[in-house]
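Subject: Structure handover

Hello,

Here is the structure for your files. My notes on what turned up follow below.

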Amino acid sequence: MVGNSLTFFNSMPRILSAVLREAFTVVPCCEGGKDLFWHVYDNPSVLAQLQSRPQFVVLQDHSLSPLRSPSAFQTAISHFCALVRSFGAEPVLYQTWGRPFDPQGHAAITAAYVQAAKANDCPCARVGEAFSAFAAENGHAVLFRKDNIHPTIVGSLLAAHVLARTLAGPGLSLTASGLAEWALEPGVSVTVEPDLAARVELAALSVAGL
């Protein structure tokens, strides 16, 4: 998983592994505040991970990249998709979200990821769309920290479920409905109220169309 804090906050890769029942080995390759261009040119860990011949590589750009320079965002995605495929892996886009108080920005980010997925013929995990739908019914506070950028535990759980459904498709058995507890790290576990966890999973299923 290539990205920044929107990927690694709350140990989301560990949550994703739990949702996937460890069917995949989830390896984060993240740095706070960085975009995909930085990962391509300045992060040697990316090449090391590609050389390990992964099946999928999840790509998450800086949350503001589609807004600051839409053309540069599309170029970065296309460059990275080509790089990933040169190692025999399949790129998967991790669609991020806009600030809760900026619906136009959120719509632009959503559209940019949809365009990039179509242009590069690759799957897109529609996390941003799931955030928008879930917040409309449950409020923004349940998904966003006070900075209105980074996800809460519930937000990371929602992201993990959408990513899992995108990676696994309908054919892989995932963790039973309502995953409500998992380990952030050895000896440290987190619990989400089971009913809320079940609603998160239903939201992911709705966005994934499954």
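Buried means under 20% relative accessible area, exposed over 50%, and partly exposed in between (1.4 Å probe, protein chains only). Helices (H or I, at least four residues) and strands (E, at least two) are DSSP runs, numbered from the N terminus.

This is a predicted model: local features need pLDDT of at least 70, side-chain atom pairs count only at pLDDT 80 or more, and totals for chains, interfaces and linings use all residues. Residues are numbered from 1 along each chain as its sequence is written, and side-chain values use heavy atoms, with hydrogens and water left out.

Start with H6, residues 70–86. Its buried residues are Phe-73, Gln-74, Ala-76, Ile-77, Phe-80, Cys-81 and Val-84. Seen down the H6 axis, they fall within an arc of 160° (directions from the axis to the C-beta atoms), so they line one face of the helix. Exposed Ser-71 and Ser-86 sit on the face turned away from that buried side. Just after H6, Gly-88 has a positive phi of about 80°.

Next, H2, residues 12–19. Six of its eight residues are buried, among them Leu-16. Arg-21 follows H2, and its phi is positive, near 55°.

Of its 37 residues, Leu-16, Val-127, Leu-158 and Leu-163 touch the most other members. H9 gives the most to this core, with ten residues.

Best wishes

Key
Expected span 1.5 Å × (residues − 1). Core = buried A, V, L, I, M, F, W, Y, C linked by side-chain atoms within 4.5 Å.
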